[in-house]
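Here's a quick walk through one protein model, from the overall build down to a few individual residues. Have the viewer open as you read.

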Amino acid sequence: MRIGAHVDPTDPLAEATARTADTVQFFLSDPQGWKAPQPRADAEQLRTAEVDVYVHAPYVVNVATGNNRIRIPSRKLLLAHAQAATAIGAKGLVVHGGHVNAGDDPASGIENWRKALAYAADSGGFGLPVLIENTAGGENACARRLDALARLWDVIGAYDVGFCLDTCHAHAGGEELLGLVDRVKAITGRVDLVHANNSKDAFDSGRDRHDNLRGGTIEPDLLVAVVRAADAPVIVETPGGADGQSGDIAFLRGQLGSETSAA
């Protein structure tokens, strides 16, 4: 089990060293913007590093929406990020599940997801696993609650997609963490990556505010149990910079003992 952190994209390998991380996740462009990612000067170093790399797609990407001015650019931006992530040897591209607008049929969002994956396949494919992440808020979200995730997976599960489980998002989204991995795997058959985060807010709050693993409103033992059950690479997206994240990584390694493989 490899454990790391979401880091600043300027020098991800140096950030990994500062945290004694096995793996890193970062953005390839402004997470709140629509600009396509540019080639990285450190692409070869990232491809050949012992540290595993994951890329997170911009938050603006929403392939589920019925708004053409967002959905169509989202398809193109998701594919561009997948291709750029492949160029640096990333293990996966994480993207939020997205949502439809209030009053829209949730089934339309699922169909829009199918069309986005078909568009990518027709354009030569993503080149790496795209990992759909559960989200914390929104009554019209495609991947907040497990019943919605099940409807989504019924349609898109045949495509080459994976799943990223965020513990803060699950808790804030109204899903109990106890036994969560088994319930997710019953739907998706897999958990490819865990975002291990505590939550500053209460259960079912719908608020996405991460806290360090031994802070927040989730019992730390529950977070460890999710990580253990998932048996997948782990990224902490927690506050406090290198110091805060190093503490979270060390906590997980200490709790999991010989199950981890620190670099």
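## A loop residue with positive phi

Let's start at D231, in the loop that runs between α8 (220-230) and β10 (234-236). This is a predicted model, and in it the phi of D231 comes out near 50°, a positive value for a residue that isn't glycine. Most residues other than glycine have a negative phi. D231 is exposed, because its relative accessible area is 60% and the cut-off for exposed is over 50%.

T20 also has a phi near 50°, again positive and again not a glycine. Look for T20 in the loop between α1 (12-19) and β2. With a relative accessibility of 45%, T20 counts as partly exposed.

## The overall build

Zooming out, the protein has nine helices and 10 strands. Its radius of gyration is 17 Å, close to the 18 Å that the globule rule gives for 263 residues, so the protein is as compact as a globular protein of that length. The C-alpha trace spans about 45 × 40 × 30 Å along its principal axes.

How much of the protein is buried? Buried residues account for 52% of the 263. As for contacts between residues at least 6 apart in sequence, 74% of them join residues at least 24 apart.

## Surface and charge

## Helix α4 and its cover

Helix α4 takes in residues 106-122, 17 residues in total. From first C-alpha to last it reaches 25 Å, close to the 24 Å expected at 1.5 Å a residue.

Which residues of α4 are buried? They are G109, I110, N112, W113, A116, L117, A118 and A120. Their cover includes helices α3 (68-87) and α5 (146-156), along with strands β4 (92-96), β5 (130-133) and β6 (161-166).

## Around W34

W34 is in the loop between β2 (23-26) and α2 (43-48). At 39% relative accessibility, W34 counts as partly exposed.

What does W34 touch, once residues up to four places away in sequence are set aside? The list is V60, I70, P73, S74 and L77. There's also P58, which is 24 residues from W34 in sequence, with 7.9 Å between the two C-alpha atoms.

Terms used: Residues numbered from 1 in each chain as written. Predicted model: local features only at pLDDT ≥ 70, side-chain atom pairs only at ≥ 80, totals over all residues. Heavy atoms only, no water. Helix = DSSP H or I, 4+ residues; strand = E, 2+ residues; numbered from the N terminus. Rg over C-alpha atoms; globule rule 2.2 N^0.38 Å. Buried < 20%, exposed > 50% of the residue type's maximum accessible area, 1.4 Å probe, protein only. Contact = heavy atoms within 4.5 Å. Expected span 1.5 Å × (residues − 1).
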